[in-house]
Amino acid sequence: MTAANKTIAEDSPGELEALLPWHAAGTLNARDTRRVEEALARDPALARQYAAIQEEFAETISLNENLGAPSARAMQKLFAAIDAEPARRGSALHGLSGRIPQFFAALSPRTLAAAGAVGALVLLLQAGVIGAMLARDDGSHSFRTASYNAPAAPVTRGLEAASGPQALVRFAPDARVSDINQFLDAYRASIVSASKGGMFKLQFGGESAKDFAGLLSRIQSEKIVNLAVAAQ
Amino acid sequence: MSAAQAASDEVLIARIAQGDRLAMQVLYGRHHVRVFRFGLRLVRNEQTAEDLISEVFLDVWRQAGKFEGRSAVSTWLLAITRFKALSALRRRKDAELDDETANAIEDESDDPEVAVQKKDKSDALRRCLTQLSAEHREIVDLVYYHEKSVEEVAEIVGIPENTVKTRLFYARKKLADLLKAAGIERGWP
């Protein structure tokens with residue numbers, strides 16, 4: 001009498017005997033499958049029990065398959081309930097930012113690795129082309145920066161108005177940055193400094209600076225300006 | 001279920017977590033019949049089983065973001081179904097026979113004898129399978145019909161793996177007893 005056979009008569013199943021149903025269903029791993037098959041080959045009582053299990057297996061499938069399927073009502077009920085659910089924050093990710101991670105998540109590790117390798121190759125090629133272009137340079141073309149042909153006169157607004165009059169201006173609390181920018185452009189002004197009290201020292205240039213008293217009056221009448229006084 | 005489908009199920013769950021309704025429809029189409037049959041075998045009432053699958057998939061819609069992929073999606077679905085089915089059975093109470101009462105009465109029924117009169121072993125076996133207790137029915141179905149491994153059954157039912165093996169062994173012995181009572185000997189046990 002084999003070990004497996006011995007346990008059949010007892011209340012608790014033997015180790016391999018207990019695995020027979022999973023062997024019939026094909027859900028054992030390779031190692032256990034081999035062990036069960038070897039036991040079945042040498043133990044006739046175990047083989048008889050396995051034959052009974054195969055009948056149970058077939059009839060259980062038959063029984064379940066004859067249970068039918070749910071009606072369409074179940075699906076309608078489900079999606080009506082889903083529609084009644086509160087909007088999901090994640091649904092906002094349906095745009096590009098949401099689809100990019102989904103796209104990469106859907107790729108297999110092998111595909112991702114191949115894409116990474118191709119990307120690295122492209123970078124190497126690009127570096128090679130740039131290197132070759134530099135190496136071909138005969139020296140007649142010296143390295144030029146963006147300031148190579150810079151004009152002698154400064155083009156910045158602040159420098160242009162360096163000699164203009166200055167005023168201390170406090171902007172309205174609800175003034176937007178775009179409004180202030182528009183104001184600075186209109187008066188050809190630049191910010192020299194800002195104090196803690198919310199006062200800005202502005203420097204004015206161009207024609208508007210010629211009549212400074214009139215200029216201050218116009219500035220004071222601007223909606224976004226609370227206060228404008230001449231600076232020392 | 002193939003490994004490819006399992007991986008595909010996980011992609012669907014990730015999309016559902018983002019609120020993708022179409023992914024929900026695909027997952028439903030793929031699994032709702034098995035979920036329904038598993039639930040129906042437990043609650044034994046088609047109306048209740050249909051209500052169950054709506055509840056199960058609504059839970060999936062709500063909880064998809066928490067799915068960690070430590071088990072197959074189908075295993076997760078069956079675990080939710082089992083939980084919902086047991087809750088439904090508890091709610092049933094006096095309105096209908098509770099499961100234990102039903103089992104006790106069924107054990108005394110004449111159905112196996114009727115099957116013998118028909119001299120149809122397969123029919124008798126199917127009838128006896130329906131006579132098993134809910135505890136035994138679910139483990140038989142999970143292993144034979146839903147093709148779940150020892151580990152997966154342990155996760156769905158919430159019991160140790162060794163208990164899974166012995167419980168199925170006792171379910172099979174009970175099945176053999178029912179068949180024997182019906183006059184059918186199979187040479188085991």
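Which residues of helix α9 of chain B are buried, and what covers them?

Reply: Keep in mind that this is a predicted model. Start with the helix itself. Helix α9 of chain B spans residues 150-157. Its buried residues are Val150(B), Glu152(B), Val153(B), Glu155(B) and Ile156(B). After α9(B) comes Gly158(B). The phi of Gly158(B) is positive, near 80 degrees.

Is Ala171(B) buried or exposed? Ala171(B) counts as buried because it has 22 C-beta neighbours inside 10 Å, and the cut-off for buried is 20 or more. Set aside the neighbours within four places in sequence. Ala171(B) is then in contact with Leu132(B), His136(B), Ile139(B) and Val140(B). Glu138(B) is 33 residues away from Ala171(B) in sequence. The C-alpha to C-alpha distance between Ala171(B) and Glu138(B) is 9.8 Å.

Next, the contact between the chains. It takes 43 residues from chain B and 40 residues from chain A. On the chain B side, the elements that give two or more residues are α1 (3-17), α2 (21-43), α3 (46-63), α7 (121-131), α8 (134-145) and α10 (161-181). The most comes from α2(B), with 8 residues. By type, the chain B side divides into 24 nonpolar, 8 polar and 11 charged residues.

Turn to the partner. Chain A has 10 helices and 4 strands. From the N terminus, its order is α-α-α-α-α-α-α-α-β-α-β-β-α-β. Chain A has 232 residues, and 18% of them are buried. Consider its contacts between residues at least 6 apart in sequence. Of these, 59% join residues at least 24 apart.

Last, confidence. The mean pLDDT of chain B is 86, and 83% of its residues reach 70 or more. Residues 104-108 of chain B have a pLDDT below 50. Beyond near neighbours in sequence, that stretch has 2 contacts in the model. Where pLDDT is low, predicted coordinates should not be read in detail. For the complex, the predictor gives an ipTM of 0.83 and a pTM of 0.59.

Note on methods
Residues numbered from 1 in each chain as written. Chains lettered and ligands numbered in written order. Predicted model: local features only at pLDDT ≥ 70, side-chain atom pairs only at ≥ 80, totals over all residues. Contact = placed C-beta atoms within 7 Å. Nonpolar A, V, L, I, M, F, W, Y, C, P; charged D, E, K, R; others polar. Buried ≥ 20, exposed ≤ 12 C-beta atoms within 10 Å, placed from the backbone. pLDDT = per-residue confidence, 0-100.
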